[in-house]
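Subject: Structure for your review

Hello,

Please find the structure below.

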Amino acid sequence: MIEALIKFLCAIVWFLLLSLYLTWAERKESAVMQDRVGANRANFFGFRILGLFQPLADAIKMMTKEDFTPAFSKRFLHNLAPFLSFFFVAVTISTIPFGSHLMIGGKEFRLQVIDLNVGILFVLALLALSIYGVILSGWVSNNRWTLLGGLRGSAQLISYEVALGLSLIGIIMVFPSLKFSEIVGFQSELLFGWLPKWGVFLQPLGLIIFLMAAMAESERVPFDLPEGESEIVGFFTEYGGLKYGLYMFTDFMKVLIIACLLTTLFFGGYHVPWLYADGFHFPWGGDWLLPHGIVVLFQVIMFNLKVFFFCWLQILIRWTYPRFRYDQLMDFGWKFLIPLSLFNIAATAVLMSL
Amino acid sequence: MTTRIQKEARKESLLINMGPSHPAMHGTIRIMLELDGEKVRNSEVEVGYLHRGFEKTCENKTYFNLLPYTDRLNYVSPLINNVGYVMTIEKLMDIKVPERAQYIRVIMSELSRISDHLTALAAMTMECGAFTVFLYYIKAREEIWNVIEKTTGARMTTSYIRIGGVRTDLHPDFKTDVAKAMKVTRDVLRDVKGLLDKNKIWIDRTRGVAVVSPDMAINYGFTGPCLRASGVKYDVRKAHPYLVYDRLDFIVPLGEKGDNYDRYMVRMKEMEQSLRIVEQCVEKIPESVPEVKGKIEPAEAIKASRARKPDAKIKLSPNLKGSEKEKYPSILTDSKGVKVPPKEDTYTGIEGLINHFKFFMRGHGIRPPKGEVYFSVEGGSGELGYYIVSDGTDQPYRLHLRGPCFHIVSALEEMIKGHYIADVIPTFGSTNMIGGELDR
């Protein structure tokens, strides 16, 4: 019990802190892309350090703002909506494996909060549930624009959730398990004696579908229809202060969790190529034996690096493309991604039966 | 008060108010939409939120004093407004403008046109969600406005083009500054082309949306890029050449279908042509270097005047910084009574002082002959025409502005009908509606 609590605390602190600093990363990366400087004014006793205090300043500002509820909305539901979104996304981190095992005093600790036997389904279900926050906020704000936003959110989720699930069926066929730990375990093996057996090499098409569907799930440009700031202003128009901040924060947490899923399912999770429990065994000969602690450290660092890479990639895509239109998005989901993922399943089945 | 759309709307449709305060309704305009799901069944555009009585105000100002009001029409390209107004008066009074001033006017018009198109496309792309493109465009516009600022002293409300010429000469670094601004603009256009021209999302969003047929465009009175996007070849610069446009080599880009993509594309191509025009002008412009003979500091000048030496020639520059001008740059007409006499003359000679007073006194100043005149220039978003009736006094009896956006926005209801709510905004952006010009 205490072990699980400590592990969950570590995971959630990692998750929230990184999401907080993802706002900084997004600001800075977009600034670099757009020939700007980006946030750099927030300081602590005169120290600016590239604006690294900006997220903290933002958080303080959000918290100290007036907690405003429009008179024509239902107060309880209006307050509930952002927390729904936030909660369902925040919980998903508990299934992600950060590393294999850590041995302390002869006792084995998994670097994963809980290894559910339906890990993938659990994550997908919770991510889908988080849309209730969007729908609820759109409806309960009693504003026609936010209502449109909420409806867009639900329509988008339905279009993409199917493709998202179908794209993962290929992975489940290749790595026959729903447990994240086992899926990662399968990926430690080698193909042809040298290539790591990562999902990306076995399911390249699945990766592309998953990436597109997951980005649609995260509701950011080019799929930010529920928000659509220049069109319908967004489902959270009637929110301010911390509750608005929670929606923003949930966005970044989704980016992070998608990066975690991509890493875990398609890029070998915490595995470093050719690193085993006792150290490196290179395919071209030669070993580099390492103590247990260092191996685990390598794994955790590798996991983080991969996650950072996919966060970077998502921010890059977000600041490059224009937004889809409502009907085009549905077409894209139903007429392109779903047939493609069905083809992926069929092709995987045929190849596996050979 | 129930509006037309409230009476006509079906009971089950969603009526929604886009604007007057909506992030995409730049320049305050209101569009009432009748929605069927996300589809626009019907709409009603309401203009006039920025009405300031421009035309009536002008009737109560002298010809010289109303020039700054024209800056506030299309505030993204104020220099073209100046040119249009000033040339209308010049046509009425038959004033000849020095060639150098004509070239300067063309350069300034084209720079303004680029900044106008940049702004229009920046807004349009940002409304489609391409925020990076928006900032690229604004970066280029910033460079162009820096040049304009350095030349005219202001970024938006320039009042630089004066009746009979221009206010000041180009500054010495103008060529290098313009070259730098044009390089930045070219780079930006190249980057944006790379980001958007073949981008599937962008093409899907803009192709086939809000198609305006040539007939419809002509019937509504479209001009400028929106008309040319529909494939009608009409450009005031080519059809009725003014200034030195007939001596310059440029082509008028045309669209094929008249949809949002064409309106984007025509503007992109026009900016390239404008860059070419600026380059040609910078090369061809006749030189006018004032001969500088010595220099008297203001303090010395005051000392000399106190010493009462009648033979000491004291000359001060307009900016009173002490640089002495022996020869005036050839940027203002020679005709008397239509230009502000140079400050050197006003401050040093009795004749200049009298001229100055005569110019600014009510009932004197610029007094065109009786008659009426219409003159139009190619503005940022179309034909910008001024119609002036003169009764022989120093104030216009009537001044009417033919703003290009007014005619284009009047077609907006028909353009957005049957499209999605997400298309309303880029369509609106592609018309390049500028509140100051639309509502006057």
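A salt bridge here is a side-chain nitrogen of Lys or Arg within 4 Å of a carboxyl oxygen of Asp or Glu. By that rule Asp423(B) is paired with Arg325(A), with 2.8 Å between the closest N and O atoms. The interface of chain A and chain B has 4 salt bridges.

This is a predicted model, in which local features need pLDDT of at least 70 and side-chain atom pairs count only at pLDDT 80 or more, while totals for chains, interfaces and linings use all residues. Residues are numbered from 1 along each chain as its sequence is written, chains are lettered from A and ligands numbered from 1 in the order in which they are written, and side-chain values use heavy atoms, with hydrogens and water left out.

Interface: 24 residues of chain A are in contact (heavy atoms within 4.5 Å) with 34 residues of chain B. The buried area (accessible area, 1.4 Å probe, that two parts lose on being put together, summed over both) is about 2600 Å², and carbon and sulfur atoms give 62% of that. On the chain A side, Trp145(A), Pro322(A) and Arg325(A) lose the most area to chain B, together 24% of what that side buries.

Helix H15 of chain B (a DSSP run of H or I, at least four residues) spans residues 350–360, and its buried residues (under 20% relative accessible area, 1.4 Å probe, protein chains only) are Gly352(B), His356(B) and Phe359(B). Seen down the axis of H15(B), these fall within an arc of 70 degrees (taken from the directions from the helix axis to the C-beta atoms), so they line one face of the helix. Ile350(B) and Glu351(B), both exposed (over 50%), sit on the face turned away from that buried side.

Regards

Terms used:
Helix = DSSP H or I, 4+ residues; strand = E, 2+ residues; numbered from the N terminus.
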